[in-house]
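Please look over the sequence and the structure first.

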Amino acid sequence: MMDAGSRDLHPPIEADAGGQLDLGDGHVMSWEACGRPDGVPVVFLHGGPGTGVEPAHRRFFDPRIWRAVLFDQRGCGRSTPHGETRANTTDHLVADIERLRRHLGIERWAVFGGSWGSTLALAYATTHPDRVTALMLRGIFLGTDAEVAWFLHDMGRFFPEAHAAFLAQLPVSARADPLAGYLPLLMDPDPRVHAPAARAWSGYETACATLRPPPPAAFTGASPVALDRGALAVARLEAHYFAHRCFLAARPLLDRIAGDERVRELPVHIAQGRYDVICPPDAAHRLAATLGARAVLEIIPDAGHSAFEPGTRRALVQAADRFGRQLARGGRA
């Protein structure tokens, strides 16, 4: 078990339960659970949109305390159909979380999410605040037009080589509006069209995700087929959500939070990399200010965007350990 002083990831653990949940609309969710069967419930929300659950994600949660539930969102990971954008909106994903909670017979649970997972966590909490015990968030993304424009254009000011490679996949005439240029390529059913575009899109994001440059093979050990499959889901779903303003424009998250005292009463811990270029820290500051006194914003001085950078993963594990102990005692986190 983890040394209490190190506050690093807990040892590897296998899922001891799991299954497939029919969501309707042709979508089937893959889910898993680990930790104490009678432990404090927590749901893990992965990023993207489009990534998926990895075994390392289980290691944020002390299995002596938590009952951790992890699932692949629509179109992601082991959920089917893979990379599907039909019937795939923020409201669908929020409803899926609630469907899974009811399926598992969980009354209330903590919610843990980073990047797009933080967006989804906030959307869920503002829709079902009475079902949430605490929020643990990382790399805040509020789904605003300004954040999407930053990703597509201004992030390249810090990673010009990566941005140049991102644009190089498009004809010169399409480079002023890369989202419009990428959408038809990523949605094309022909792998000869969508695969190179997906590699370029996901490669751009991967290159910008850490404070220090990632290794040449960002997903070491994965086969080329698995890499292409993962890249397609990330690129296609991110482009889909960006093109639809993350399905949040009509009800911005900060407006929802400001108007709901139940959400502002939730205990919240935000871990934010100081040098997060994908999701710059100003969004985390605005979120913390809107949430108010019960929100703790922890700036990680030596981290970018990735949850697995040493300072960020330690901060997340420490927050999860603290909230878990408090909730296990029957108190407020």
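Is Phe71 buried or exposed? Phe71 has a relative accessible area of 3%, so it counts as buried. The model is a predicted one.

## Phe71 and its surroundings

Phe71 belongs to strand β4, which covers residues 66–71. Leaving out residues up to four places away in sequence, Phe71 touches Met29, Ser30, Trp31, Val43, Phe44, Leu45, His46, Val53, Ile97 and Leu100.

His46 is 25 residues from Phe71 along the chain, and their C-alpha atoms are separated by 8.0 Å. Leu211 is 140 residues from Phe71 along the chain, and here the C-alpha atoms are 28 Å apart.

## Leu211

Leu211 sits in the loop between α6 (191–207) and α7. Its relative accessibility is 34%, and therefore Leu211 counts as partly exposed. With residues up to four places away in sequence set aside, Leu211 touches Tyr275, Asp302, Ala303, Gly304 and Glu309.

## Helix α1

Does the span of helix α1 agree with what its number of residues leads one to expect, or disagree? Helix α1 runs over residues 90–104 and has 15 residues; at 1.5 Å a residue it should span 21 Å, and its end C-alpha atoms are 21 Å apart, so the two agree.

After α1 comes Gly105, which has a positive phi near 70°.

## The nonpolar cores

How many residues does the largest nonpolar core have? The largest nonpolar core has 73 residues, and those with the most contacts inside it are Trp109, Val111, Leu135, Leu137, Trp201, Ile270 and Leu287. Helix α2 (residues 116–127) gives the largest share of this core, seven residues. Apart from this core lies another, of 26 residues, including Leu9, Val42, Ala307 and Phe323.

## The cavity

Rolling a probe the size of a water molecule over the atoms shows where empty space is left. In this structure there is one cavity of 30 Å³ or more. The largest cavity has a volume of about 110 Å³.

Which residues line the largest cavity? They are Gly48, Pro49, Ser115, Trp116, Phe141, Glu147, Phe151, Glu205, Glu238, Phe242, Ile278 and Cys279. Sorted by class, the lining has seven nonpolar, two polar and three charged residues. Helices α3 (145–152) and α7 (224–243) each supply at least two residues of this lining.

## Cis peptide bonds

Gly48 and Pro49, both in the cavity lining, are joined by a cis peptide bond with omega about 0°. Pro49 is in the loop between β3 (40–45) and β4.

Another cis peptide bond joins Thr80 and Pro81, with omega about -5°. Pro81 is in the loop between β4 and α1.

## Further loop residues

Ala87 also lies in the loop between β4 and α1. Its phi is near 50°, a positive value in a residue other than glycine. Ala87 is partly exposed, as its relative accessible area is 25%. Asp25, in the loop between β1 (17–24) and β2 (27–35), has a positive phi near 60° and is not a glycine either. With a relative accessible area of 53%, Asp25 is exposed.

Asp260 is found in the loop between α8 (253–258) and α9 (261–264). Asp260 has a relative accessible area of 12% and so counts as buried. Apart from neighbours within four places in sequence, Asp260 is in contact with Thr126 and Pro129.

Notes
Residues numbered from 1 in each chain as written. Predicted model: local features only at pLDDT ≥ 70, side-chain atom pairs only at ≥ 80, totals over all residues. Heavy atoms only, no water. 1 Å grid on protein atoms, 1.4 Å probe; cavity = no way out; pocket = protein on both sides within 12 Å on 5 of 7 lines; lining within 4 Å. Points joined across faces, edges and corners; volume = space filled by probe spheres on them. Helix = DSSP H or I, 4+ residues; strand = E, 2+ residues; numbered from the N terminus. Nonpolar A, V, L, I, M, F, W, Y, C, P; charged D, E, K, R; others polar. Core = buried A, V, L, I, M, F, W, Y, C linked by side-chain atoms within 4.5 Å. Buried < 20%, exposed > 50% of the residue type's maximum accessible area, 1.4 Å probe, protein only. Expected span 1.5 Å × (residues − 1). Contact = heavy atoms within 4.5 Å.
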